[in-house]
2 protein chains.
Amino acid sequence: MSSARASTLSAHERLTQAERRARSRSALLESAARGLSRYGYGNLVLEEVAREAGYTRGALYHQFKDKEDLALAVIEWVNENWMREVGKPAAQQADPVAELLAMARGHAVFCGRDIARVVMALRLEFAGQHHPVGRETERIWETGVKRCVRLINAGRKAGSIPPGPPARAVALGLLGALEGAVIALAGHTPHDQLLAARAVAGVLGIASHRAEETPHPPAIPPPTK
Amino acid sequence: MSSARASTLSAHERLTQAERRARSRSALLESAARGLSRYGYGNLVLEEVAREAGYTRGALYHQFKDKEDLALAVIEWVNENWMREVGKPAAQQADPVAELLAMARGHAVFCGRDIARVVMALRLEFAGQHHPVGRETERIWETGVKRCVRLINAGRKAGSIPPGPPARAVALGLLGALEGAVIALAGHTPHDQLLAARAVAGVLGIASHRAEETPHPPAIPPPTK
DNA sequence: TATCATACATACGTGCATGCACGTATTCAA
DNA sequence: TTGAATACGTGCATGCACGTATGTATGATA
């Protein structure tokens with residue numbers, strides 16, 4: 001009887017401990033990502049995070065040391081997804097300009113889900129602070145800036161990007177414009193892709209028609225579920 | 001003796017009540033603007049706001065009903081300054097494209113002071129909320145969007161802006177890219193002006209060389225002191 | 001089946017920021 | 001000069017959210 005009960009009950013699918021833990025962790029991470037994206041760190045209420053994931057704060061504090069630890073985990077999680085879905089595909093483009101434009105379009109697609117403004121929101125919230133969360137977002141941001149600087153220098157050497165302000169300033173403007181445009185255009189698919197590419201092309205100072213070509217990224221579904 | 005004391009003492013300059021009130025209010029508003037720009041609404045601590053202005057929370061609660069009232073006053077204050085220093089000068093340009101580019105450059109100059117990210121920060125913090133502060137920032141943002149839509153339509157009719165996505169989508173992307181670029185480039189003068197103009201030109205889909213011309217806005221000093 | 005470990009829920013204490021009541025100092029009005 | 005009004009400082013109460021301690025249920029181990 002007890003064996004029959006265990007096999008027929010669809011509610012508890014007889015999960016292993018590790019599976020159970022991983023499932024809870026994923027649900028909490030995704031909920032926290034949405035929350036951070038919407039409310040930022042300070043306004044994020046852990047009670048709501050847990051509730052929206054179907055748990056209580058107890059589960060949350062069992063998986064994460066504290067609020068800060070949770071936020072850091074979310075940042076890492078979002079960054080990994082971004083790298084897989086946007087960063088790596090874009091890196092396969094032939095020339096620097098194509099890679100930067102692919103980044104723009106890919107970022108627009110990536111931000112279609114609402115877990116996107118996390119970095120922007122946290123970067124704004126912790127700008128000039130000495131908080132671990134701020135340092136981590138700053139580190140990720142700096143990685144992106146460095147990548148853009150390399151691509152801009154390469155493009156200028158190749159002649160596909162005209163000279164202009166220092167590469168770092170251009171890179172900052174490029175990423176800032178990209179994030180701002182994508183956030184403002186949240187939900188306005190499919191125009192967000194084109195307009196993000198246009199903004200990037202504009203900051204680079206290249207002819208805008210290169211942004212009009214539409215090499216739709218294959219929209220990789222997030223494997224982390 | 002008492003008359004001599006009143007004339008020589010530079011500390012209390014024998015202000016009238018209205019002057020006293022206005023001076024305190026200005027100091028508190030400016031301090032609150034910096035705070036909102038840095039920390040956002042939720043993380044803003046009124047004790048710090050008052051202290052940085054040289055007062056205590058008592059003075060603050062005497063001038064403003066509550067935290068919300070203070071934030072609304074700051075938003076109105078910043079918006080008025082923006083209109084005077086950026087919006088009106090830009091409106092004197094001949095064609096729509098020139099006006100949009102002037103807005104971009106003017107906004108970059110305006111954001112040189114650190115009271116600039118207020119709108120962006122609050123818009124992010126209250127996006128999708130039903131909070132009075134959120135509604136007010138949304139209203140101001142919408143005003144800017146509407147203005148851009150008009151200019152884009154006019155430019156398209158005149159042939160200076162090529163056809164493309166719906167004017168509203170372009171306007172959203174334009175303002176988003178502008179704010180994002182300027183925030184990311186905070187402190188990188190004078191390149192911020194050029195890059196902001198480039199981002200705007202790019203989103204519009206116009207030749208970027210129009211952004212390179214440098215009609216430096218005359219840098220109006222804020223008369224509200 | 002008995003025991004332990006792990007996942008999760010519940011209850012409590014604590015710190016902090018807001019808002020308000022009240023006290024003090026400065027200006028205006030007679 | 002004196003009393004009222006206004007500008008501002010100070011102390012207290014409340015609420016909210018975090019972190020932790022404790023209790024309970026489910027999966028692992030023998």
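1. Chain A–chain B interface. In this predicted model, 35 residues of chain B are in contact with 34 residues of chain A (contact: C-beta atoms, placed from the backbone, within 7 Å). On the chain B side, α7 (118-125), α9 (167-184) and α10 (191-204) each supply at least two residues. Helices here are DSSP runs of H or I, at least four residues, numbered from the N terminus. α9(B) gives the most, with 12 residues. That side of chain B divides into 18 nonpolar, 12 polar and five charged residues. Ala, Val, Leu, Ile, Met, Phe, Trp, Tyr, Cys and Pro count as nonpolar, Asp, Glu, Lys and Arg as charged, and the others, Gly among them, as polar.

2. DNA strand C. At least two residues each come from α2 (17-39) and α4 (57-63) of chain A, and from α2 (17-39), α3 (46-53) and α4 (57-63) of chain B. The classes: seven nonpolar, nine polar, nine charged.

3. DNA strand D. 25 residues surround it, with Thr16(A), Arg21(B), Ser24(B), Gly58(B) and Ala59(B) closest. Two or more residues each come from α3 (46-52) and α4 of chain A, and from α2 and α4 of chain B. α4(B) has the largest share, five residues. The classes: seven nonpolar, 10 polar, eight charged.

4. Conventions. Residues are numbered from 1 along each chain as its sequence is written, with chains lettered from A and ligands numbered from 1 in the order written. Local features need pLDDT of at least 70 and side-chain atom pairs count only at pLDDT 80 or more, while totals for chains, interfaces and linings use all residues.

Note on methods. Near = placed C-beta within 6 Å. Contact = placed C-beta atoms within 7 Å.
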